[in-house]
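Subject: Structure for your files

Hello,

Here is the structure I said I would pass on.

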Amino acid sequence: MNRTTLSLIAGATALAAVTGFAAVSAPDSGSATERTGGAATLPVERTGLLCPRPSISDLAETTYTSFTPVTRGAEGEGAAALRSAAEQSAPDDATGKGEKDEKDGDQADDGEQEKDGEKGDKDAEDGKGSAKDGKGGTADKPVLQLREPGKPVTADASGAEAPALIGTADGRFASGWTAQQTTEVAAGTGRGLQGVACTAADTQFWFPGASTDDSRTDYVHLTNPDDSAAVVDIELYGKNGALKTTVGEGITVKPRSAEPVLLSTLTDEKQTDVTVHVVVRSGRVGAAVQALDDELGGDWLPASADPSGSLVMPGIPKDATGVRLIAFTPGDSDVDLKVRLASPSGLITPAGNETLHVKGGMTAGFDLGDLTRGEAGSLVLTASDRSVPVVAAVRVLRGKEGKQETAFIPAARPVETRATALDNTAKGTTLSVTSPEGTAEIKVTASAGTKGGTPATKTYTVKSGTTQDIQAPVPAGVKGTYALTVEPQGGATVYASRTLSSTEGGVPFFTVQPLPDDRGMVAVPDASEDLSVLQR
């Protein structure tokens with residue numbers, strides 16, 4: 001095997017490890033690429049995303065959005081499409097053990113399939129779609145398909161039958177491809193605004209902040225993108241350690257299907273704060289927790305960043321009326337957490353919550369009250385012993401008693417090169433950026449709107465130790481919703497989140513999504529380099 005082939009395999013292997021699957025071509029000496037040291041930085045040429053089933057409510061109204069930023073060096077043909085995943089079981093049959101009648105499950109009757117297929121062809125040509133009644137995309141008809149980088153597209157769905165989606169992007173659409181689903185539920189359990197970014201498949205996830213309390217209806221949504229079944233274990237940890245589970249082991253997720261797992265079916269123990277650990281024995285899945293409360297609304301709880309001795313939860317709304325921190329350390333060692341708030345003026349220590357103790361293997365919850373007190377803020381946690389890893393998330397409340405809504409902010413990965421938030425509007429969007437250690441420069445680009453508009457870009461300085469609610473640019477003449485792309489321009493590490501908000505019946509509907517790096521670029525070693533370092 002020559003050095004060129006080995007270089008490309010090494011680069012592609014490293015990329016696959018972070019994106020689930022990926023492809024990359026050899027560097028072209030005439031192409032527009034950047035170089036870091038001796039390596040060429042190239043756009044990803046193939047990637048995948050998974051979106052969970054949006055809602056169990058018949059009152060749900062969901063918008064799926066897809067977008068790829070314009071990327072230097074990403075040229076040629078390609079496509080980005082999201083298709084419906086098969087539903088292998090109804091939410092009430094939430095263990096993965098039951099079978100759903102094939103006739104009543106994934107397939108519409110022949111007449112409906114043919115009619116929906118004709119509409120799907122036209123929608124795909126228009127770059128938009130409809131997932132109405134869960135039939136927006138059959139096995140070969142996209143629910144949502146991009147037509148060009150730099151312009152988002154949307155598809156709408158109504159009710160509880162809106163499907164989970166499985167998607168792939170390649171060519172010029174792959175680098176930075178992002179998808180989001182935003183759902184509004186007018187009433188009932190989990191009423192409010194629920195949003196989640198679609199994610200790549202992986203083999204392990206941590207979700208501190210779930211619950212098996214009587215007032216909560218929490219699901220773990222598992223989506224398998226592959227042509228072979230995945231086998232998954234779900235472990236639950238409460239205030240005294242591991243919870244006894246009855247059917248949490250060996251859950252089978254069928255090929256190219258989605259499986260909602262109701263947490264209360266896995267254990268008889270009622271716990272306010274639970275950490276969920278999803279471990280894939282065979283295959284890979286996408287995973288997200290949907291946390292629904294009878295009185296306090298609900299939202300999606302994305303996975304926490306990998307266990308670490310230093311964590312950041314960016315973008316707690318300035319008008320939060322309640323903040324609850326949930327933390328868990330996977331090992332046997334106890335740990336003390338130093339708590340700081342990155343405010344607009346710098347890092348401060350909340351009075352009475354300077355240090356919090358977390359016992360090994362046990363989930364701990366701490367009420368931090370109205371932590372932000374009218375100012376933008378991000379929670380920064382530092383373990384007294386950095387070698388003891390921790391996962392964490394905060395549950396945020398807005399509104400007054402009787403008219404409150406909930407959102408979750410997990411510990412986030414930093415924005416290294418680029419990150420994008422979708423479904424933005426000029427009045428209902430807040431972009432929060434924090435730089436816990438050192439001053440940072442960022443560039444924010446607002447894309448064209450889904451129905452028209454001209455992109456706009458601004459640059460900002462985020463001072464060390466601060467959180468800033470950015471007055472993000474708005475596309476000129478915008479029609480529809482648009483994407484916001486954040487790109488660090490140098491300086492310290494930054495973390496970001498985006499809040500969507502509206503008011504319905506006096507209740508402040510809102511949802512918060514952290515903005516992890518899109519991992520749309522990869523460093524590929526030069527063919528002439530000594531690759532021994534990659535083979536260690």
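The notes below cover the disulfide and then the strand pairing.

This is a predicted model, in which local features need pLDDT of at least 70 and side-chain atom pairs count only at pLDDT 80 or more, while totals for chains, interfaces and linings use all residues. Residues are numbered from 1 along each chain as its sequence is written, and side-chain values use heavy atoms, with hydrogens and water left out.

Taking a disulfide as a pair of cysteine sulfur atoms within 2.5 Å, the count is 1. The bond runs from cysteine 51 to cysteine 198, with an S to S distance of 2.0 Å. Cysteine 51 lies in strand E3 and cysteine 198 in the loop between strand E12 (192-197) and E13, so distant parts of the chain, 147 residues apart, are linked. (Strands are DSSP runs of E, at least two residues, numbered from the N terminus.) The torsion about the S-S bond is about 105°, so this disulfide is right-handed. Both cysteine 51 and cysteine 198 are buried (under 20% relative accessible area, 1.4 Å probe, protein chains only).

Strands count as paired if DSSP finds at least two bridges between them. E3 belongs to an open sheet of 4 strands, ordered E3-E10-E5-E8 with antiparallel pairing. E3 (46-51) and E8 (144-145) are the edges, each with a single partner strand, so one side of each has no neighbour in the sheet. E3 and E10 (residues 165-171) are joined by 6 bridges, and threonine 47 stands opposite alanine 169.

Elsewhere, E19 (residues 274-282) runs antiparallel to E13 (residues 204-210), with 6 bridges. E19 also pairs with E15 (residues 230-238) in the antiparallel sense, over 7 bridges.

Regards

Notes: Buried means under 20% relative accessible area, exposed over 50%, partly exposed in between (1.4 Å probe, protein chains only).
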